[in-house]
Amino acid sequence: MSETPYWFDAARAAAGASVAGIARAAGVSERAVSWYLAGTRTPRPAVLARLAAAVGAEPAGLCTVGHETLAQLRVFTGCSRAAMALMGGDVAEGGA
């Protein structure tokens, strides 16, 4: 089970979108969408953005973060690993 729940089911229902429709719009398999809906897999930030667009939502609106880990914050903010590494370097050097 994923530590970061994604609330695609509510967004999917509100948009009237099918799993197949979301998969087509996001460029992923129907199986992947099913895993995301079940919370057994976590989409990469770029995929999360496409899934959100497929159901007419903002990426942050599809997830909640309780006890944040760096990986969860990366997904929640839509940052790549490289961008997070650059931010980490700023923080380590006293930057913002």
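This is a predicted model: local features need pLDDT of at least 70, side-chain atom pairs count only at pLDDT 80 or more; totals for chains, interfaces and linings use all residues.
1. Start with the overall fold. The chain has six helices and zero strands, so reading along the sequence you get the pattern α-α-α-α-α-α.

2. Take the contacts between residues at least 6 apart in sequence: 54% of them join residues at least 24 apart. Buried residues account for 30% of the 96 residues. The accessible surface is about 5,800 Å², and carbon and sulfur atoms make up 58% of that.

3. Now look inside. The largest nonpolar core has 16 residues, and those touching the most other members are Val-28, Val-33, Leu-51 and Leu-62. Helix H2 (19–26), helix H3 (30–38) and helix H4 (45–54) are the elements that each give two or more residues to this core. As background, nonpolar side chains in soluble globular proteins tend to be buried together.

4. Which of its residues are buried? They are Val-19, Ile-22, Ala-23 and Ala-26. Viewed down the axis of H2, these buried residues fall within an arc of 100°, so they line one face of the helix.

5. On the face pointing away from the buried side you'll find Arg-24 and Ala-25, both exposed.

6. Finally, check what comes after H2. The helix is followed by Gly-27, which has a positive phi, near 75°.

Terms used
Residues are numbered from 1 along each chain as its sequence is written. Side-chain values use heavy atoms; hydrogens and water are left out. A nonpolar core is a set of buried Ala, Val, Leu, Ile, Met, Phe, Trp, Tyr and Cys residues joined through side-chain atoms within 4.5 Å. Buried means under 20% relative accessible area, exposed over 50%, partly exposed in between (1.4 Å probe, protein chains only). Helices (H or I, at least four residues) and strands (E, at least two) are DSSP runs, numbered from the N terminus. The arc is that of the directions from the helix axis to the C-beta atoms. Contact means heavy atoms within 4.5 Å. Accessible areas come from the Shrake-Rupley method with a 1.4 Å probe; for residues, only the protein chains shown count as cover.
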